[in-house]
Amino acid sequence: MNSMLLKLELKQMLRSRWMQLVGMLFTFIFTAIIVIQQMALPDVEGFTRQTASFLNVLLFLLPLFILTIGSMSVAGDIESGWFSLLKTYPMTRAQYIVGKYMATVCAFILVVVVAFGTVLALGGFLGGVRLPLVFITLTLLCVVIFASLAIAIGAFAQTRLFALSQSLVLWSFFLLLLSYALMAIGTVVAGHILQKLTVIVIHINPAEWLRFGYFIFSDQASVLGPAFYGVTRFYSSYIGYVVYGIVTFLWITLPLLSANKQLQKRGVC
Amino acid sequence: MMKKVGSVLLFLLFMSQTVYADFDIQKAIDRAKPGATITIPAGQYKGNFVLTKKITLRGIQGTELVALGNEPVFRIDGGSTVTIENMALSGNKQAIVASDVDGLELRNLNIKDSHTGVYIQRSKNVHIQHIEMTGNNSHFSKKGNGLAIFKSEDVVVEDTNIKLVQDGIYVEEVKNILVQNNRVTNSRYGTHFMYSSNVQAFHNTYRNNVTGFMVMMTNDIYVKDNHLENHNGLNSYGMLLYDAQQAVLELNTIMNNRTGVALQKSVGITIASNDFRMNQTALEGIMVKGNSVATNNQFTGNILTARADRQGFLLTNNYYDDYSGIDLKNDGIGDVPYVAVSSFGQWMVRQPVYQYFVASPSVVLLTSLDQQINKTEKTVLVDVTPKLMTHQITKKNETNFQQLLIGLLIVTTSMWLWKRGVS
Amino acid sequence: MKRWIVMVVISCVLLVGCGDKTYVPREIVGETDVCKICNMSIVHNEYAGQIALKNGDFEMFDDLGCLMEYIKANGENEIGAAFIKDANNDEWIDVFKATFIYNKEYWTPMNYGVLAFKTKDAAVDWMALKGEGQVLVYQDLQNFNWGIHQ
């Protein structure tokens, strides 16, 4: 049952014009930026403008697309009555959510793979491009975390439009507003308070969590500055890796659980 | 038979060590007439030797001197024209200590297992050449310097290769010093100038240290053709000038450092024709005074080109790879100013915790807004005559077929999957 | 989202509330601490200084001279306490109450040549062993010509 639903959902998602457009757009922008940077700059290990733009393109675009498309697809199911129809089949709510989640993850992994393939091909044509393993892992983490958040937003939204606007709000909150708020607070409070707040924000903002993860796992934690020496040293230890895994796992499961609860509460059955 | 020959050879080898070690260096020194040359045969010698007169000590291949206790191998007190060359030295605290010497030459020395390599004070006409020194892997605070020179005059240090020490070449209160063709890696500072004057540094290569050049309270500085690379620690700089006066830094390559060049409390600094590549911050200025200027430099791939406090410093005629203006007048100069000032850069100068946000999505957006807003302002850190590319380093891009094929394979496979998923 | 905001506010209050009014010097962290003024990494811990600010931040210094320069530039209003290492026993002592001795021959990381002692007697004893210097108190340091050796 579950795999049938997954197939159905995946087919629906891949068929949608939106998704195809997003796939093309993402591939195009991603490839353009990476290849331009690659060609313009010498190849150097470490954190450079090239890696920075790589990371930023990833963090800017992927969450935006996943959140909007994922949430709208769930909200659309509910709005159009498709979800109610599905409920007549012998299928639990959890099965629906997991199926939807898996479909979203698979669809976006496909998009990402197309983009990476294009970068490799074009980069190879122009003299070779580096695609570090950390980046690939991080991209996958980005997909699994934000797909989960997208499902949760969809479950909370009444309509597709509402889901869209909510995704945009959450996206700008994670990518921009939270950082700006923190920077603004930093101008009035002491350094050690700003440092502690930043550490909190790293854990409650999935975008920051992924960015932080990049620095940890690519061994470039010194980029974050001496103020974060203690935190980065902890996360560079084995216990730190385990904690990183646990927090990441929570970021995947908690939104799905809350989506389940919300659908139950709303009783869209 | 072979075994027998082998053991005889082994015996000879063992004997040769002990036999030559019977050569009494101190006795030879004491007996020598001023200006004499003593050749020390190969072998390992233990002891602490004192030189007080004009003399040349020359080792040959395999001459190795080991200090006893905390005294150095050679203590040179006073005298003139002392030369030590061609030998391996190890001292617990220092290998060589020289005081009040006029005309000291140290050449072709290999120093190991020493806290500090060479310690020189109150000397004149010092020439140090071809020193190899390797420290250990402990923390910088537990190690000594490679070469430490205090209160001296007319010093040349060249062709040394120093690794894993505190400061590669530490220079304090020295007048007229030339440091060239040296190589310092994995140490705290490559070269550390303090309270010195008339300082020249050419063709040095410093890599993977905390900081390449640390220049403090020093004046009349000329730094040219050096390579400062990979200074990427938590508090690293390619070069830091603190309270320095009248310096010219030109034609250096400053690549992949946390901060390329930082000026603090410094006066009259000219930064010309350097190549700043892939640094997190290329140039930093705090409390810079008196006609300090960065001109004709090339900034490529730095995350932040320049940051400063309100005082700033002058940027003129540089090339910036992220400059977006055009040149309608076709005079090689961009028509609109290049804006290097950014709110984020200023915050980072004030409060180091902000470094966390370096190149984060929010800051990238903020910085591009800054550039639009500040374009009209004629403030600090604005280059009104940005240069357009003059000479591009053209590197040949050879197609990487393997990668190309893998890429194409991935794209076609995933496209096919997509197609299949739809139908 | 409300939950997060409440959490942030609470933690803010907690963090500020934690700053009690007795200032205790903190340990030097060799990997990260550099002098606030001259940026030298602190490797000679036995000469280091630090200032505990009223807002809970610490500023570290590699030499007494740099610490005084910070006070000169920023005033004393924000300073909760200032500490310098005792030249005798590598322990933190209060800068405002310490006794200082100066001789250009005394070596310090910035070669400012001023050493600190908890008591005047300790300073006198030290000089008897290592050479005479000029005895100073905190007020003398404020007008001291740092880094100029005649």
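I began with the radius of gyration of chain B, taken over C-alpha atoms: chain B has 28 Å, whereas a compact globule of 423 residues would have a value near 22 Å, by the rule of 2.2 Å times the number of residues to the power 0.38. The C-alpha trace spans about 85 × 65 × 40 Å along its principal axes.

I noted that this is a predicted model, in which local features need pLDDT of at least 70, side-chain atom pairs count only at pLDDT 80 or more, and totals for chains, interfaces and linings use all residues. Residues are numbered from 1 along each chain as its sequence is written, and chains are lettered from A and ligands numbered from 1 in the order in which they are written.

I looked up the domains next. The assignment, automatic or from a database, gives domain 1 (14–164) and domain 2 (210–395) in chain B. Their centres, over C-alpha atoms, are 42 Å apart.

I then turned to burial. Of the 423 residues in chain B, 44% are buried (20 or more other C-beta atoms within 10 Å of the residue's own, C-beta atoms being placed from the backbone).

How values were computed
A residue is buried if 20 or more other C-beta atoms lie within 10 Å of its own, exposed if 12 or fewer, and partly exposed in between; C-beta atoms are placed from the backbone.
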